[in-house]
Amino acid sequence: MPAVSLTRRIGLALLLAAATTLALAQKAAPQKEDPVYEPVAFQEGKDVVWVPTPQVVVDKMLDLAKVTPRDFVMDLGSGDGRTVITAAKRGARALGVEYNPDMVALSKRNAEKEGVAARATFVKADLFETDFSKASVITMFLLPSLNIKLRPKILNLKPGTRIVSNSFTMDEWQAEETVTLGAETGCTSFCTAYFWIVPAQVAGNYRTPQGELKLTQRFQMLSGSLIVDNKTLPVEGRVRGDDVTFSAGGREYRGRMNGQSLELR
């Protein structure tokens, strides 16, 4: 056999043996898993830093909103998904809106682990470009400035939509209920929940069997006048969803908005 041919054959054999050894070594070596994303409290986000809502506050927020399986809950800035997952465990359909794609992926994994992925969904989206109109309950833990920025959009939702915020208010739109959890619950920071109900727009003039009614409105608070037997009586009241109550001349009146009409009982 020529020397060149023999050398070439030996070289090919050595290369084949080396490749086989390398392949076996790679197969035997344990594959490293991709690191699991773990958020850190106070990490930077698009509009706010992320701080997890204490679970006891999540529970209280959903209690205030009286979440049931009939509800569709939207959590604005859903973070690790705990509020959405808790709502889903109560039987509700729930959607988390979160800008950080790593948080979205983490939330989906958490929902799978908790067995509620069919009811708990998450999307990467900007809060200010998201449609809230199908929600019956909205939860959030945002800065006051963001609450105020979202407020006009929230006030245009269907009357009766329930809103709950952790720790931060809607400025002059006063909450219907406020609950602060004490240290005995295990909550040491961000322990206050605020609850609102989107009011119907009732300001206007109405001819009613009770008299000529004029109402002005500031969020859920009502004022105005009622003319009865040529007497003008001052009116004070409030609107809760579609339900209207007010007092005039020492008498209390109740009614309900039906479209653009106010039906007093």
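Author: A disulfide here is a pair of cysteine sulfur atoms within 2.5 Å. The model is predicted: local features need pLDDT of at least 70, side-chain atom pairs count only at pLDDT 80 or more, and totals for chains, interfaces and linings use all residues. Residues are numbered from 1 along each chain as its sequence is written, and side-chain values use heavy atoms, with hydrogens and water left out.

Reader: What makes the link of C187 to C191 a disulfide?

Author: The S to S distance of C187 and C191 is 2.0 Å. The cut-off is 2.5 Å, so the pair qualifies. The rule gives a count of one disulfide.

Reader: Which hand does the link of C187 and C191 have?

Author: The angle about the S-S bond is -100 degrees, and the link is left-handed.

Reader: Are C187 and C191 buried or exposed?

Author: Both C187 and C191 are buried. Buried means under 20% relative accessible area, exposed means over 50%, and partly exposed lies in between, with a 1.4 Å probe and protein chains only.

Reader: Why is F219 called buried?

Author: F219 has a relative accessible area of 16%. The limit is under 20%, so F219 counts as buried.

Reader: What is the phi of F219?

Author: Phi of F219 is about 55 degrees, a positive value, although F219 is not a glycine. Most residues other than glycine have a negative phi.

Reader: Where does F219 lie?

Author: F219 lies in the loop between strand 11 (211-218) and strand 12 (221-228). Strands are DSSP runs of E with at least two residues, helices are runs of H or I with at least four, and both are numbered from the N terminus. The hairpin of strand 11 and strand 12 has two residues between the strands.

Reader: How do you know that strand 11 and strand 12 pair?

Author: Two strands pair if DSSP finds at least two bridges between them. Strand 11 and strand 12 have seven bridges, so they pair, in the antiparallel sense. The bridge partner of Q217 in strand 12 is L222.

Reader: What joins strand 10 to strand 11?

Author: A hairpin does, through two residues. Five bridges join these antiparallel strands. R207 stands opposite E212 in strand 11.

Reader: Why is N230 called exposed?

Author: Its relative accessibility is 79%. N230 is found in the loop between strand 12 and strand 13 (231-240). Phi of N230 is near 65 degrees, a positive value in a residue other than glycine.

Reader: What is the strand order of the antiparallel sheet?

Author: Seven strands form an open sheet in the order 10-11-12-13-14-15-16, with antiparallel pairing. Strand 10 (204-208) and strand 16 (261-264) are the edge strands, as each pairs on one side only. Neighbouring strands of this sheet are turned by 30 degrees against each other on average, direction ignored. Axes are lines fitted to C-alpha atoms, for helices over the stretch in contact, and angles run from 0 to 180 degrees between N-to-C directions.

Reader: How many bridges join strand 14 to strand 15?

Author: Six bridges join strand 14 (residues 243-248) to strand 15 (residues 251-258). The threshold is at least two, so the strands pair. V244 stands opposite G255 in strand 15.

Reader: What makes L264 buried?

Author: Its relative accessible area is 18%. That falls under 20%, so L264 is buried. L264 lies in strand 16. L264 and R254 are 10 residues apart in sequence and 5.7 Å apart in space, C-alpha to C-alpha.

Reader: Which order does the sheet with mixed pairing have?

Author: This open sheet of seven strands has the order 5-4-3-6-7-9-8. Its edge strands are strand 5 (120-124) and strand 8 (177-180). Neighbouring strands are turned by 15 degrees against each other on average, direction ignored. Strand 7 (residues 162-166) and strand 9 (residues 192-197) pair in the antiparallel sense over five bridges. V164 has F195 as its bridge partner in strand 9.
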